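Morning, everyone. I have one structure to walk through, and I'll keep it short. Please bring up the sequence and the model.

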Amino acid sequence: MWQFKGVKGEKMKLIYLEDIELESLEQISDTRHKESTLFYNQSTVYKIFNDLYDSQRKQKQTKIKLLSDGNSLPITVMPKDELVYEFLGNRFEGYTMDYIENSKTLYKLFLQDKQLPFLINTLNVISTSIQEIHQDPRNIVISDLHTENIIIDKVLNPHIIDIDSCKIDGIKNETIPMSLIRYLSNRGLSSLISKVETTANTDKLCLLLMTVGLIFNKHIDKISMYEYDKKAEKIKMLNDLKQLVLEVKRSSTIPEVPYIHELISTTKTLERRLTK
């Protein structure tokens, strides 16, 4: 199996917001990022947090430093430098990361192009990469895993963004994906949403929910098994996932799930199936 060789990043620098001419940068229009504002130029994205409490600010800064101190993570857009206000005693305000040119979210790209081989191969890469991230000694859980937090570059490579929402070395995540919130709500477990402790298993569950959601364009609980079987006649990967999907649909809580690449056939076999 292909393995990512992590490379230790350079030491983070402090970039003073007072020195940045934000009006000269493009702003990324994204209603999802209510907690932050994103600006970019041809090489760099500047992520500036909005109205953080002191405790949130400290938590974010600690995560960013922990992420930068170790090896880079597979398919992950890593933090590069800290953004601070010098006149406020170098108060942490955000961070920079590489700009991925001509990228689209996984959700938009698949809905536009409907390229099944692309989706299956991409999910294979994402799943194997997430497994490697979970094996990192910093005990990283992505937590906020959904189709808008995975972008696809111009040569169709996936990248996980917004890694500052992760759980790392016991520092908790701040958000969980809407697919998991809906999954809990549909089981009468809304009271648990604020108490959910994300784990490697919730990442795996969210990846499954994301996969099925992309193919059917609806939440897993809204899909009948008749509908599932009809689509599985054309998409053989769904047969590989059927037993797991059944167990997840029937579960009254958060079930233990495998990585999806452990269930679906190898990429080579999938490509052969799809070209028949």
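Start with the largest pocket. It is lined by 30 residues, and His 146, Thr 147, Pro 177, Met 178 and Ser 179 lie nearest its centre. Pocket here means an open set of points on a 1 Å grid over the protein atoms alone, where a 1.4 Å probe fits, with protein on both sides within 12 Å along at least five of seven lines; a lining residue has an atom within 4 Å of a point.

This is a predicted model: local features need pLDDT of at least 70, side-chain atom pairs count only at pLDDT 80 or more, and totals for chains, interfaces and linings use all residues. Residues are numbered from 1 along each chain as its sequence is written, and side-chain values use heavy atoms, with hydrogens and water left out.

Back to the pocket. The largest pocket holds about 720 Å³ of space. That volume is the space filled by probe spheres set on the grid points, which are joined across faces, edges and corners. What is the lining of the largest pocket made of, by class? It has 11 nonpolar, 10 polar and nine charged residues. For the classes, Ala, Val, Leu, Ile, Met, Phe, Trp, Tyr, Cys and Pro are nonpolar, Asp, Glu, Lys and Arg are charged, and the others, Gly among them, are polar. Helices H2 (106–113), H4 (178–185) and H5 (200–216) each supply at least two residues of that lining.

The arc is taken from the directions from the helix axis to the C-beta atoms. Buried means under 20% relative accessible area, exposed over 50%, and partly exposed in between, with a 1.4 Å probe and protein chains only. Cover rests on contact, meaning heavy atoms within 4.5 Å.

Now the whole protein. It has eight helices and nine strands. Of its 276 residues, 50% count as buried. Take the contacts with a separation of 6 or more: 67% of them come from residues 24 or more positions apart.

Next, H1, residues 54–69. This helix has 16 residues and reaches 22 Å from first C-alpha to last, close to the 22 Å expected at 1.5 Å a residue. The expected span is 1.5 Å times one less than the number of residues. Which residues of H1 are buried? Arg 57, Lys 60, Lys 63, Ile 64, Leu 67 and Ser 68. They share one side of H1, because their arc around the axis is only 130 degrees. An α-helix has 3.6 residues a turn, so residues three or four places apart point the same way. On the other side of H1, Asp 54, Ser 55, Lys 58 and Asp 69 are exposed. Strands S4 (44–49), S5 (79–85) and S6 (91–98) are among what covers the buried residues of H1.

Gln 59 is also in H1. Gln 59 is partly exposed, at 24% relative accessible area. Beyond four places in sequence, Gln 59 touches Ile 171, Lys 172 and Glu 174. Gln 59 and Asn 173 are 114 residues apart in sequence, and 9.5 Å apart in space, C-alpha to C-alpha.

Now the loops on either side. Most residues other than glycine have a negative phi. Asp 51, in the loop between S4 and H1, has a positive phi near 50 degrees. Ile 75, in the loop between H1 and S5, also has a positive phi near 50 degrees. Buried or exposed? Asp 51 is exposed, at 74% relative accessibility, whereas Ile 75 is buried, at 15%.

Leu 73 lies in the loop between H1 and S5 too. Leu 73 is buried, with a relative accessible area of 4%. Leu 73 and Ile 160 are 87 residues apart in sequence, yet 9.6 Å apart C-alpha to C-alpha.

That's the tour. Questions, please.

Technical notes. Helices (H or I, at least four residues) and strands (E, at least two) are DSSP runs, numbered from the N terminus.
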